Amino acid sequence: METLFFLVIAVSLAYAVGCWGRTRKIGFGLAFVLALVNLLVGIIAVACSKKLETNNEEEKL
């Protein structure tokens, strides 16, 4: 039961890193996989990835 609890926590944290990666060039998928392998590696990869360029029309709204 403890193993399942820690597995749910690990996947949840990896999902959070993946959601953060969605706004970066790394993307959700790669950020999620890297965070599943090692959470710290995923966080560092997303933090080092460049932000996606947004459309100027969206910024005006």
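Contact here means heavy atoms within 4.5 Å. Before selecting anything, note that this is a predicted model, in which local features need pLDDT of at least 70 and side-chain atom pairs count only at pLDDT 80 or more, while totals for chains, interfaces and linings use all residues. Residues are numbered from 1 along each chain as its sequence is written, and side-chain values use heavy atoms, with hydrogens and water left out.

Select Lys-50. Leaving aside neighbours within four places in sequence, Lys-50 is in contact with Arg-24 and Lys-25. Along the chain, Lys-50 and Arg-24 are 26 residues apart, yet their C-alpha atoms are separated by 5.7 Å. Lys-50 is found in the loop between helix 3 (39-48) and helix 4 (56-60). Helices (H or I, at least four residues) are DSSP runs, numbered from the N terminus. Lys-50 has 62% relative accessibility, so it counts as exposed. For relative accessible area, buried means under 20%, exposed over 50%, and partly exposed in between (1.4 Å probe, protein chains only).

Next, select Ala-14, Val-17, Ile-26, Ala-31, Ala-35 and Val-46: these 6 residues are the largest nonpolar core. Helix 1 (2-21) and helix 2 (27-37) each supply at least two residues of this core. A nonpolar core is a set of buried Ala, Val, Leu, Ile, Met, Phe, Trp, Tyr and Cys residues joined through side-chain atoms within 4.5 Å.

Turn to the aromatic rings. Rings of Phe, Tyr and Trp (its six-membered ring) pair if their centres lie within 6.5 Å; planes under 30 degrees apart count as stacked, over 60 as edge-to-face and the rest as tilted. By this rule the count comes to 3 aromatic pairs. Select Phe-5 and Phe-6: their ring centres are 5.5 Å apart and their planes at 65°, so this pair is edge-to-face. Both Phe-5 and Phe-6 are exposed.

Select Phe-28 and Phe-32, a stacked pair with 5.6 Å centre to centre and 10° between the planes. Because Phe-28 and Phe-32 are 4 residues apart in helix 2, about one helical turn separates them.

Last, how many disulfides does the structure hold? There are 0 disulfides (pairs of cysteine sulfur atoms within 2.5 Å). Select Cys-19: its nearest cysteine sulfur, that of Cys-48, is 19 Å away.
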